[in-house]
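Visitor: I have a model open and want to learn how to read it. Where do we start?

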Amino acid sequence: MSHFDTLITNIGQLLTMEGSGPAKGEQMKKLPVLENAAIGLKDGKIAFIGTNEEAKGFRADQVIDANGKLVTPGLVDPHTHLVFGGSREHELALKQQGVPYLEILKRGGGILSTVRATRAASEEELFEKAKFHLDRMLSYGVTTVEAKSGYGLNEETELKQLRVVQRLQQEHPIDLVSTFLGAHAIPPEHKDNPDEFLERMAALLHTIQKEELAEFVDIFCETGVFTVEQSRAFLQAAKSLGFAVKIHADEIEPLGGTELAVELGAVSGDHLVGASDVGIAQLAKSNTIAVLLPGTSFYLAKEKYARAREMIEAGASVALATDFNPGSSPTENLQLIMSLAALKLNMTPEEIWHAVTVNAAYAINRGEEAGRIAIGRKADIVIWDAPNYAYVPYHYGVNHVHMVLKEGKVVVK
Ligand code: NIG
Ligand code: FE
């Protein structure tokens, strides 16, 4: 007779997200659902997936009765700016007065205001603050998170941010994936020589590589920040050292960042609000995942959102993320992003669940480890206070988590 560490029984709907590779286009529209299911966990891994009937013959040290609830893989948030000092509530008033995001940055605020606070903070302070936000993400059902640097814009502080992520990786139950975003803005000391700044950040890649402080390199390709040419050269340098790359592309103004993401074979192109028709067509034929961040359009009070429908119809793989950061998206709540995806991107519940599990995992090169419930995989599981999967994006703005298991251990209940 099979004996498990934990059995979860009476699952109303189980989303295993079974399949192979990321879900592209049409594949995002179908969601295999097991009803009246059960799963068995052993040594932190999934050891059984089947019907509740089958599970009746099994024994376990711990039985969790899901009582008809929805069970899914732990959510994956593939784009966050997790580590930063301070906060920017004062910018909300500026925004209400109509001052644009890029204008605030130009005046030395925005990202640069967080850079000042992050430079001033100790590593310990940044650690405690990031841990607080990470705990909150876990409470919302997120078990894997990508975290970017980019509020240092000098060697010392960028490394300080990356070390915080490295320590959190060891000490926090959430799995973290680290991205170096030293090219996030031009610091005041390089106002007149941005290329020199990029050279400094490129030189830093060697230390980051040696100390294994990041596996991705990202850049903010935007009007008034870095051009397509600068972004291409910088990311090519990163690739030649073996880093995987991502791009903040076509977020506010359409510059051709989507095309650049495809050209460079980026693992993901992120934002893509202003992606061109050509960019979308190229994306659909590529392996680059479109990471869409509707919370940012919402919070920047924009009319325009990424064209998720066209991307999916063209055949692209779409993922969703919070973009958690102190300026353009101060929220840890990926469930809220799921509701915004439904209302503002016109994504269906089936597409949304692909976008926060399997596709999100592929967007950070964790597709073979996270985002699916499959035999032998880590048991990262969420039990939801929801009768079915459509309920979560529908009932918006609150936390539907009933219980979170990370590698088989109950970490939230
Ligand atoms: O993804 N666009 C650049 N970076 C972030 C915002 C960072 C900030 O405002 O602090 C974003 O929107
Ligand atoms: Fe971002």
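Guide: Start with contact: two residues are in contact if their C-beta atoms, placed from the backbone, lie within 7 Å. Leaving aside neighbours within four places in sequence, Ala-319 is in contact with Pro-78, Ile-289, Ala-290, Val-291, Ala-355, Asn-359, Ala-360 and Ala-363. This is a predicted model, where local features need pLDDT of at least 70, side-chain atom pairs count only at pLDDT 80 or more, and totals for chains, interfaces and linings use all residues. Residues are numbered from 1 along each chain as its sequence is written, while chains are lettered from A and ligands numbered from 1 in the order in which they are written.

Visitor: Why does Arg-88 count as buried?

Guide: A residue is buried if 20 or more other C-beta atoms lie within 10 Å of its own, exposed if 12 or fewer, and partly exposed in between. Arg-88 is buried because it has 20 C-beta neighbours inside 10 Å. Glu-251 is buried too, with 29 other C-beta atoms within 10 Å.

Visitor: What does UniProt list for "binding site"?

Guide: The unreviewed entry lists Arg-88, Tyr-151, His-184, Glu-251 and Ser-328. Such annotations may be inferred rather than shown by experiment. Not counting residues up to four places away in sequence, Arg-88 touches Ser-113, Thr-114, Pro-326 and Gly-327. On that basis, Glu-251 touches Glu-222, His-271 and Val-273.

Visitor: How many residues are in the largest nonpolar core?

Guide: A nonpolar core is a set of buried Ala, Val, Leu, Ile, Met, Phe, Trp, Tyr and Cys residues joined through C-beta atoms within 7 Å. The largest here has 137 residues. Ala-319 is among those with the most contacts inside it.
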